[in-house]
Amino acid sequence: MKPFDVAFHHATPHGVMSAIHIPDSPDPVPEEVLARLPAEEAAHARTLKGYRQPSFVGGRLALRRACEQLGHQVPPILPDARGTPVLPGTLSGSVSHKRDLAIGMVGSSVHGTLGVDLEDYGPARLGIADSVLRPEELSAIAPLPDARRWIAILVRFSLKESVYKALDPHVRRYVGFHEAFVEPDLQGGARIALHLANAEGPFTAEGRYDWLHGRLVTSVRLRRA
Ligand SMILES: CC(C)(COP(=O)(O)OP(=O)(O)OC[C@H]1O[C@@H](n2cnc3c(N)ncnc32)[C@H](O)[C@@H]1OP(=O)(O)O)[C@@H](O)C(=O)NCCC(=O)NCCS
């Protein structure tokens, strides 16, 4: 396992995903790794401090590999003013990272904007439920035993982070966790209903979740209804 090498590729109904190993260290990314990025992306990376630099570089390498899987060589992928990675108009993409892994997912923009999120399984933080879940979501998970309840909270939390990323290019504001209802099914899909405080939209959104290499990956595809 070499830092900044591909960890795995994965095809999903929302797009193709590539994962890149990143070093769990705040050390500057070596110049030979930055050289794998277009000059503008490398220049942006050099402005980032500590862990942000390797995570940004890992995310951009992942996005670029995912684009290649779809047969696209894309120009520099820079963040917009709110942090969304900007891809050419025919593509939608999203990034997520944990300390040692970055993922990038890319799909066709015909199907809408994309949001992706990566989560470790543990440690369980049952206490986040009240701030992340709506009352009807809390009722749905209340009867579950503790171990299953944590998974139920984590999947919903992650789906909401994915909602946030897919939705941000449309609404361009902070969206709270209570502004989305998510209901995972048992087949890796999830129903999503938005309750947007500013009544933007309407939007249609669909969610997916998957356990890959011991981690949770969720994605959301969202477009104007
Ligand atoms: C913005 C947020 C979702 C990012 O998630 P995170 O767990 O902190 O970090 P991740 O590693 O998963 O994602 C970071 C990536 O998200 C992307 N991103 C950042 N801001 C974004 C935005 N406003 N819109 C879309 N994507 C964004 C970037 O690609 C970033 O990586 P990069 O800077 O290397 O390109 C999170 O910080 C946040 O603010 N969450 C609270 C709001 C929320 O989730 N509400 C739920 C609504 S239903």
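**Close-up views of a predicted model**

**View 1. Glu68 is partly exposed, with 34% relative accessible area.** Partly exposed covers the range between buried (under 20% relative accessible area) and exposed (over 50%), computed with a 1.4 Å probe on protein chains only. The structure is a predicted model: local features need pLDDT of at least 70, side-chain atom pairs count only at pLDDT 80 or more, and totals for chains, interfaces and linings use all residues. Residues are numbered from 1 along each chain as its sequence is written, and side-chain values use heavy atoms, with hydrogens and water left out. Glu68 pairs with Arg65 in a salt bridge, at 3.3 Å from N to O. A salt bridge here is a side-chain nitrogen of Lys or Arg within 4 Å of a carboxyl oxygen of Asp or Glu. Both residues sit in helix 3 (residues 52-69); because they are three residues apart, about one helical turn separates them. Helices (H or I, at least four residues) and strands (E, at least two) are DSSP runs, numbered from the N terminus. Arg65 is partly exposed too, at 33%.

**View 2. Glu136 and Arg134 form a salt bridge.** Their side chains meet at 2.9 Å, N to O. Arg134 is buried, with a relative accessible area of 16%. Glu136 is partly exposed, at 34%.

**View 3. A salt bridge joins Glu206 and Arg221.** The N to O distance is 2.9 Å. This pair links distant parts of the chain, 15 residues apart: Glu206 belongs to strand 8 (residues 203-212) and Arg221 to strand 9 (residues 215-224). Glu206 counts as partly exposed, at 35% relative accessibility. Arg221 is buried, with a relative accessible area of 17%.

**View 4. Asp100, Asp120 and Arg215 belong to one network.** Salt bridges that share partners join these residues. Side chains of opposite charge can pair when their charged atoms come close. Across the whole structure, a search finds 16 salt bridges.

**View 5. Ser96 lies in strand 3 (residues 91-98).** Ser96 counts as buried because its relative accessibility is 5%. A polar atom of the Ser96 side chain lies 3.0 Å from the backbone nitrogen of Leu118. Leu118 is also one of the residues in contact with Ser96, where neighbours within four places in sequence are left aside. Contact means heavy atoms within 4.5 Å.

Key
A polar contact is a pair of N or O atoms within 3.5 Å; within protein, one must be able to donate a hydrogen and the other to accept it, and residues adjacent in sequence count only if both atoms are side-chain atoms.
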